Amino acid sequence: MSSSDLFARALQLIPGGVNSPVRAFRSVGGAPFFVKAARGATLVTADDRELIDFVCTWGPAIHGHNHPRIKAAIADALERGTSFGTPNPYEVEMAELIVKFVPSIQKVRMCNSGTEATMSAIRLARGFTKRDKIIKFAGCYHGHSDSLLVAAGSGALTHGNPDSAGVPAAFARETVVVPYNDRAALDAAFAANPGQIAGVIIEAYCGNVGFIMPDAGYLQYLRDITAKHGTVLIFDEVMTGFRLAKGGVQELEKITPDLTTLGKIIGGGLPVGAFGGRADIMDCLAPLGPVYQAGTLSGNPLAMAAGIAGLRLLEEQNPYARLDALGRKLRDAVLAACKAKGIAVQVPQCGSMFSIFFTPTPVRDYATALTGNKQLFNRFFHACLAKGVYLAPSAYEAAFLSTAHEGPAIDRACEIMSAAIAEL
Ligand code: KE4
């Protein structure tokens with residue numbers, strides 16, 4: 001069945017024909033294709049097209065799709081069942097690996113999505129501090145829980161509803177939004193809410209408003225001001241954890257947050273989330289403490305087995321320098337093609353994450369991200385897709401590379417993206 005036939009059927013029963021809005025192509029135009037198989041850096045569509053994939057299922061596929069080691073780990077776990085509803089050995093091994101990779105995490109709780117992880121982390125910050133307000137940053141996306149769907153990025157920004165309908169004003173009032181990379185705004189937020197800020201949650205490197213990195217010293221400034229006010233600092237590393245370094249952004253920046261949220265890579269492509277950090281905070285969680293959090297499939301053996309296999313591969317391969325070389329190669333190809341064409345572009349990149357903003361303005365926050373020429377991005381997106389490269393169908397997402405992009409795939413992708421720019 002073709003993508004268009006499948007989409008026609010999906011539209012009858014699934015809102016927008018998709019199970020997650022950012023997949024819907026509504027901001028780039030056209031209709032989404034359906035994928036029937038994926039391997040390495042390649043997606044195989046329902047129309048039998050092969051595409052070089054830079055979405056990597058929104059981050060999990062750092063080893064490429066359907067890696068043999070991850071596939072074998074799932075098959076092996078499957079022999080013993082899909083879910084037990086009791087503690088299982090995989091959960092212990094996963095917890096030990098996470099604590100080993102991320103030294104700031106003394107204790108960790110598994111859940112089933114990044115949304116659950118961030119929702120639980122802010123509840124924990126509120127329970128631990130007995131305060132109500134949370135600071136988040138404009139354009140950062142932390143999943144779709146009510147308190148965090150305020151000035152949110154990713155699909156919320158893509159579809160023009162950063163402040164989602166259905167979130168009670170009373171909830172939104174407890175969320176203070178400040179611009180990323182703005183120290184004065186941070187000072188003002190704390191001054192205006194003395195003794196009331198339970199937690200600050202940040203994508204230390206932003207991946208949901210395009211890819212944006214912090215000014216030098218900004219994260220340390222954030223660490224200092226939260227420590228001064230007894231506010232819980234939460235690094236949302238659902239996207240960057242294990243991707244930009246074994247220990248994520250906090251390893252690169254040498255910052256120790258109080259809590260960290262995780263997801264994506266630690267599920268090897270299966271549903272997963274996790275949150276962890278200081279033991280004195282984590283021990284406020286039920287069944288030890290008064291902050292309730294739970295999940296039927298939390299620590300699911302198949303997801304744990306897949307995630308463990310993926311983390312073991314990262315331990316063995318330590319692929320970060322290779323991934324950064326691939327990212328630089330792509331960045332340089334796009335910069336060169338845009339220079340030749342006389343198009344202004346910003347291509348922020350770190351390791352296996354990058355994004356492309358068609359603007360002369362250096363992008364350092366939500367406001368400057370919006371200076372990107374969205375129409376030009378959409379034309380670029382479709383030109384790439386027509387030639388065989390799939391980028392995220394939104395100007396406000398990060399692109400992801402995997403180790404499977406090494407060799408022919410990255411060379412072909414550079415050719416395709418350069419040719420697409422030449423046609424703009
Ligand atoms: P999930 O609930 O989608 O597993 O994770 C939410 C989340 C939390 N924190 C960060 C930093 C995230 O990037 C995400 C989810 N990322 C988006 C992609 N930008 C998921 C894609 C989608 O919504 O379909």
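Which residues line the second largest cavity? I found Ile356, Phe357, Phe358, Ala369, Gly372, Asn373, Lys374, Phe377, Ala395 and Tyr396. A cavity is a set of points, on a 1 Å grid over the protein atoms alone, where a 1.4 Å probe fits but cannot get out, and lining residues have an atom within 4 Å of a point.

I note that this is a predicted model, in which local features need pLDDT of at least 70, side-chain atom pairs count only at pLDDT 80 or more, and totals for chains, interfaces and linings use all residues. Residues are numbered from 1 along each chain as its sequence is written, and side-chain values use heavy atoms, without hydrogens and water.

Entry on cavities. I searched the whole structure and recorded two cavities of 30 Å³ or more. A volume is the space filled by probe spheres set on the grid points, which are joined across faces, edges and corners. The second largest cavity has about 40 Å³, and the largest cavity holds about 100 Å³. Among the residues that line the largest cavity I listed Phe354, Ile356, Phe377, Leu391, Ala395 and Glu397.

Entry on the second largest pocket. I recorded a volume of about 620 Å³ for this pocket. The lining comprises 30 residues, of which Glu91, Val108, Arg109, Met110 and Ser298 are the closest to the centre of the pocket. A pocket is an open set of points with protein on both sides within 12 Å along at least five of seven lines.
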